[in-house]
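Visitor: Could you walk me through this one? I'd like to start with the overall layout and then look at a single helix.

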Amino acid sequence: MFEIESSHPDFEGYYNYNSLNGIEVLEGSKLMYDNFFENYMLPNIPCVIKGVTSKWKSSQLWVKDDAPNFQYLSEKYGNNNVTVHKCSERYYNCQKSYKTTLTDYLEYFQECTSQDSNPSKLEYLKNWHLKLKYQEDDFYEVPIFFASDWLNEYYTHCSDDDYRFVYMGPKGTWTPFHADVFMSYSWSANVCGRKRWLIFPPGEEIYLRDVFGNLPYDIENENHSQKFFEVIQEKGDAIFVPSGWHHQVWNIEDTISINHNWINGCNIKMMYDSLITNFIAVQKEIEDCREMEDFEEHCQLMLNSSFGMDFHKFYEFLKFIASSRIDMKKGTSPKTSFIGHKIGPNHILFDLKSVKTVLELFINLEEVNSLKYFIDTDVKPLELLHQITVVLDT
Ligand SMILES: O=C(O)CCC(=O)C(=O)O
């Protein structure tokens, strides 16, 4: 069994974007977890890792003559409902989408491939939760570098949702400019095809804002005087997109990829900062209703719809990870990740320390102190902090 472990149990990351000349390309078979942790994940620096899909079943079964195996995919998964995005029709900051069956989408895809596709008709299948539905289907394995994944650990245990997706689309399909949900990391690996990425270090996107502060939807024709990187991701390559790096992506060949969003002890503070930024923005937006009896509840509702989590959900997430690592440290549960990688003792400490750092900040918020959100919570925030401190001190 592979082990995720780090010789670096401390929490503070460091940022050194200015010294980056380009995105580093690493050989997956030679890269050690600790090296990825120290040099890319913790400092929030992107990279490309080659050769991660060679042993995946999808690399054989989903691909024929270097192109999607339409017949196999349709026979195996054809009845599933999927969401398809129309690449030339904008809906707010996304593309217009509709639901259809995979079989119907694959018919369209195959037609597109056999003729030269009309750019105004391009349709992209995104965010398909295939693994959630076919849990026993081992069509891919999470590369060890991306195994410390609290987000999917939590969602797969505590809900019927996850952040593990299949994307597929003909040449020319694309994803508009954005940064990822919750300030998460993402990784994306091409089962077949190639993608072009433009990615911007955090902060560079502000130069792209218009006079109203809105970010562009499509940066293809923007004047990129800011610092950014262009990456061509080949078949078999995984790209690591760090937290808060805005990006836009094009399929430059017919492409199928596996994409995950993920959070762990290296970027949980960035998630927390983003939660608070969103919370402050919500409070400001309805400032004139502050005297309203349920002002705080309204703020939480709006936070949940803008950020995707409110304080209560964020706390439940932290509590789940903390409890799991406390049990591992005490030896009352196996030291393995939800996808079966062994977690080393330093990694358990690192996870606990990073939850503690964020929990301390969270507890000090006036709104959290009022404890309104935690009335029905079994272990209250202060009690959890105490439990973590005791375990770290032993
Ligand atoms: O592959 C794509 O089209 C978009 C992927 C993406 O934005 C991501 O994984 O963060």
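Visitor: How far apart do the C-alpha centres of domain 1 and domain 2 lie?

Guide: In this predicted model, the C-alpha centres of domain 1 and domain 2 lie 27 Å apart; domain 1 covers residues 3–262 and domain 2 covers residues 268–393.

Visitor: And how many residues of each are in contact?

Guide: On the domain 1 side there are 22 residues in contact with 21 residues of domain 2. The elements that give two or more residues to the side of domain 1 that touches domain 2 are strand S1 (3–4) and helix H6 (150–158), and H6 gives the most, with 6 residues.

Visitor: What is that side of domain 1 like by class?

Guide: The side of domain 1 that touches domain 2 has 12 nonpolar residues, along with 7 polar and 3 charged ones.

Visitor: Switching to helix H12, which of its residues are buried?

Guide: Pro-381, Leu-384 and Ile-388 are the buried residues of H12. They sit on the same side of the helix, because they cover an arc of only 60 degrees around its axis.

Visitor: Why would that spacing work?

Guide: An α-helix has 3.6 residues a turn, so residues three or four places apart point the same way.

Visitor: What do those buried residues pack against, and what is on the face turned away?

Guide: The buried residues of H12 pack against helix H9 (311–330), helix H10 (345–363) and helix H11 (366–369), whereas the face turned away from the buried side carries the exposed residues His-386, Val-390 and Asp-393.

How values were computed
Residues are numbered from 1 along each chain as its sequence is written. This is a predicted model: local features need pLDDT of at least 70, side-chain atom pairs count only at pLDDT 80 or more; totals for chains, interfaces and linings use all residues. A residue is buried if 20 or more other C-beta atoms lie within 10 Å of its own, exposed if 12 or fewer, and partly exposed in between; C-beta atoms are placed from the backbone. Helices (H or I, at least four residues) and strands (E, at least two) are DSSP runs, numbered from the N terminus. The arc is that of the directions from the helix axis to the C-beta atoms. Two residues are in contact if their C-beta atoms, placed from the backbone, lie within 7 Å. Domain bounds come from an automatic or database domain assignment. Ala, Val, Leu, Ile, Met, Phe, Trp, Tyr, Cys and Pro count as nonpolar, Asp, Glu, Lys and Arg as charged, and the others, Gly among them, as polar.
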